Amino acid sequence: MSENPPDTSEPSPSAAPAQGDATPTTTSGVSRRRLFGLAGAGVALAGAGAAAGYGVAEASAGPATGVVPFRDTHQAGIVTPAQDRLHFVALDLSTTDKAAVQDLFKRWTDAAERMTSGGEVTVNGAVGLNPQSPPTDTGEALGLAPSSLTLTFGIGASLLTKLGLTDKRPPALIDLPRFTADQLEPARSGGDICIQACADDPQVGVHAIRNLVRMGFGTTEVRWSQLGFGRTSSTSTEQATARNLFGFKDGTNNLKAEEPALLDEHVWAQGADGSDWMAGGTYLVARRIRMHIEIWDRTSLDEQEKVIGRTKGEGAPLGAKAEFDTADFSAQGSDGEPVIPEDSHVRLASAQALRGVQILRRGYNFVDGSDGAGHLDAGLFFVAFVRDPGKQFVPMQRALARKDTLTEYIEHNGSAVFACPPGLSAPGSYWGQGLFT
Amino acid sequence: MSRRIPAAVLTAGAAAAVLAGCTSTAPADNAGGGGPITVNATDTACEVSSTTAPAGKISFDITNAGSKVTEFYLYGEGDRIMGEVENIGAGLSRNLIVEVPDGGTYTTACKPGMVGDGVRAPFTVTGSAARQVDQNTKLAEATAGYKRYVDSQVGALVPKTQEFVDAVKAKNVEQAKALFPVSRTYWERIEPVAESFGDIDPKIDGREDDERDPGVGFTGYHRLEKDLWVTGLQPDSPAIADRLQADIADLANRTKTVELTPVQLANGAKELLDEVATGKITGEEDRYSHTDLYDFKANVEGSQAAISALRPVIDERNKALGATLDARFADVEKLLENYRQGDGFVLYTSLNEDDKKKMTAAVDALAEPVSQVAGAVTA
């Protein structure tokens with residue numbers, strides 16, 4: 001195990017570094033990375049067992065840094081193996097000043113690159129600056145590992161309207177239609193901007209969002225946010241399938257990072273799709289799905305399995321033995337009824353039923369305490385990345401909303417769609433740059 | 001009232017040693033020449049006899065020919081208050097002498113009804129008064145300037161609270177209700193200074209559910225607020241009113257000796273916005289009268305006065321910060337004007353969740369740069 005952290009440990013972002021930020025932490029400053037270096041061995045071992053970070057998976061990189069590269073062809077946090085924790089925020093612009101928004105995007109990018117590598121918002125930001133000033137970094141992540149933090153940025157169609165950039169609107173960035181039984185709350189829906197923070201440690205994700213929100217005061221304001229725990233899908237073949245709060249494995253047939261051809265077909269926007277600045281990007285569909293946990297828990301196991309179309313223990317399609325066995329939708333039982341019911345979730349959401357539609361799911365469980373009436377305010381924060389929401393999410397959700405028996409146990413109360421631009425592979429490039437050029 | 005324990009009790013002792021830029025009633029330099037500049041204030045106009053004066057001590061004679069109580073201000077850049085006279089009753093005249101050492105463009109303003117931005121006009125100061133300006137001088141001028149502001153607010157707080165107290169004692173409930181939020185305005189503008197005297201604040205501005213030492217009763221503005229709006233005047237209401245006036249007089253005496261540092265000024269400005277964010281946006285402070293928006297406005301004005309006093313230093317250390325502060329203060333003012341009703345504001349209970357969210361966002365946006373000021377002036 002090398003004692004030397006990789007060069008990415010303290011990035012020197014070329015995009016407009018904040019004032020007083022140019023000096024690397026070679027002196028007395030405390031950086032999360034350095035603290036992590038001291039405790040590296042213990043953290044790495046702990047990390048390898050549980051929710052292994054990206055760095056752990058990339059064993060050839062040496063020690064387990066838990067650092068997901070910030071700059072790449074695509075944004076991190078999409079096909080990155082799903083971390084265990086989420087803090088998602090939707091923001092609205094509080095200005096129509098394009099220059100102010102552009103400046104914020106640059107500053108956000110700089111801070112995000114630093115934080116995802118395990119650094120502070122600014123070098124020495126928590127305790128090393130003027131004691132008469134509030135610290136520029138809020139400090140609650142000091143001493144914590146980078147924790148595979150990814151920050152994924154998206155913009156809503158409403159931002160383009162507010163900044164007079166409607167000519168930049170990609171054809172795929174649609175407003176979702178109303179689906180049957182939708183109970184959408186405006187205070188949990190929409191937004192001009194989204195930032196998705198995923199990490200192995202919840203405090204690292206919360207720290208990142210809190211600091212980015214703070215940097216935005218005066219230019220952006222929070223519209224809504226969502227904390228999530230327990231990934232409800234696998235985005236890598238290296239990951240075991242996780243369970244949702246109904247106790248079922250979720251995401252068995254998800255698109256995986258190891259399937260580049262399928263990702264190009266179903267996830268990554270292409271230049272030919274009608275928007276140059278989105279080539280290599282993708283569209284994020286978020287739905288807050290409240291689950292009526294107490295009702296579900298009073299449902300027989302047999303009924304639960306029929307609603308889902310899979311066994312609860314193994315996660316196998318009904319009629320099959322193992323989780324990854326192919327579902328036989330034509331199989332009939334001795335009663336002449338389909339083994340996998342016509343109105344089961346698995347059947348309705350399958351590519352077969354949807355003429356080949358697939359999506360990359362990246363959702364999280366949530367429990368926002370109780371609802372004041374004694375029931376858990378809990379459910380699934382559904383996040384999907386798709387190349388075209390109108391062609392992928394809409395037909396899928398339309399079929400589910402009308403026919404899925406599961407609908408009796410759930411309620412969609414939040415909804416949003418964002419365009420997530422391609423990754424920042426060019427040095428010095430910043431989030432949303434394509435909007436301003 | 002703030003729930004925070006005063007972090008630093010201001011030095012109450014020797015008066016500020018540096019009195020550069022003071023307001024006084026001493027003869028002014030320009031008094032011998034063309035005499036004082038006269039200001040004829042009416043309910044709609046602010047006629048200033050001259051729009052220019054040489055740098056140095058400038059004297060204004062303000063006559064309120066209107067029917068509303070008025071105020072007169074001389075502002076520098078960023079609405080820095082160079083000098084002001086508060087609470088000029090109808091038919092009354094007051095004199096203001098203000099020292100302006102630097103030439104440039106300033107602004108005169110009358111505020112009939114003591115609301116809004118007032119009737120404004122540019123005012124040119126020519127030349128510059130000879131003096132050596134170093135960093136310490138500028139900081140000393142900032143604290144002295146804010147001290148003048150505190151004095152002017154206390155100068156209005158005492159008679160305005162007396163009017164409120166008199167109305168309570170006369171059992172004139174409607175008049176007392178109308179005067180309640182107005183008299184509090186002067187208190188709310190300088191609250192961090194008042195709070196620095198830890199024993200005064202609970203007596204004047206304590207809330208019913210605050211923890212008190214045994215034998216200490218619920219007194220002050222909020223006790224009378226409850227009497228006026230909820231329970232009806234009580235047998236001891238007149239005594240409570242007298243007690244409030246006595247406590248205000250005590251405060252006025254003590255503020256004469258208060259000495260402020262630039263950091264305290266900057267932090268006071270931030271604390272006023274903290275007050276807004278924790279007490280006013282929740283509608284918690286004026287829970288019986290729902291006149292929270294008056295307090296909201298006053299807190300913001302008080303914060304701006306402290307920041308404006310520091311403005312020359314801020315501009316020197318961090319030019320961009322000054323411009324951001326101007327813009328954010330303007331945003332909050334503009335938002336508040338949406339809730340204006342006559343000379344006052346709508347009741348807080350008439351606001352919906354969306355209104356409150358907008359206010360939270362505007363105060364967050366303002367409080368962030370204000371929180372940078374203490375660091376900027378000590379950099």
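Analyst: Happy to! Buried means under 20% relative accessible area, exposed over 50%, and partly exposed in between (1.4 Å probe, protein chains only). This is a predicted model, where local features need pLDDT of at least 70, side-chain atom pairs count only at pLDDT 80 or more, and totals for chains, interfaces and linings use all residues. Side-chain values use heavy atoms, leaving out hydrogens and water, residues are numbered from 1 along each chain as its sequence is written, and chains are lettered from A and ligands numbered from 1 in the order in which they are written.

User: Is A:Tyr409 buried or exposed?

Analyst: The relative accessible area of A:Tyr409 is 8%. Buried is under 20%. A:Tyr409 is therefore buried.

User: What kind of aromatic pair do A:Trp296 and A:Tyr409 form?

Analyst: Rings of Phe, Tyr and Trp (its six-membered ring) pair if their centres lie within 6.5 Å; planes under 30 degrees apart count as stacked, over 60 as edge-to-face and the rest as tilted. A:Trp296 and A:Tyr409 are 5.1 Å apart centre to centre, with 90 degrees between the planes, so the pair is edge-to-face.

User: How many residues apart are A:Trp296 and A:Tyr409?

Analyst: A:Trp296 sits in helix H8 of chain A, and A:Tyr409 in the loop between helix H11 and strand S11 of chain A. Helices (H or I, at least four residues) and strands (E, at least two) are DSSP runs, numbered from the N terminus. The pair links distant parts of the chain, 113 residues apart.

User: Which type of pair do B:Phe60 and B:Phe72 form?

Analyst: B:Phe60 lies in strand S5 and B:Phe72 in strand S6 of chain B. Their rings are 5.1 Å apart centre to centre, at 50 degrees between the planes, and the pair is tilted.
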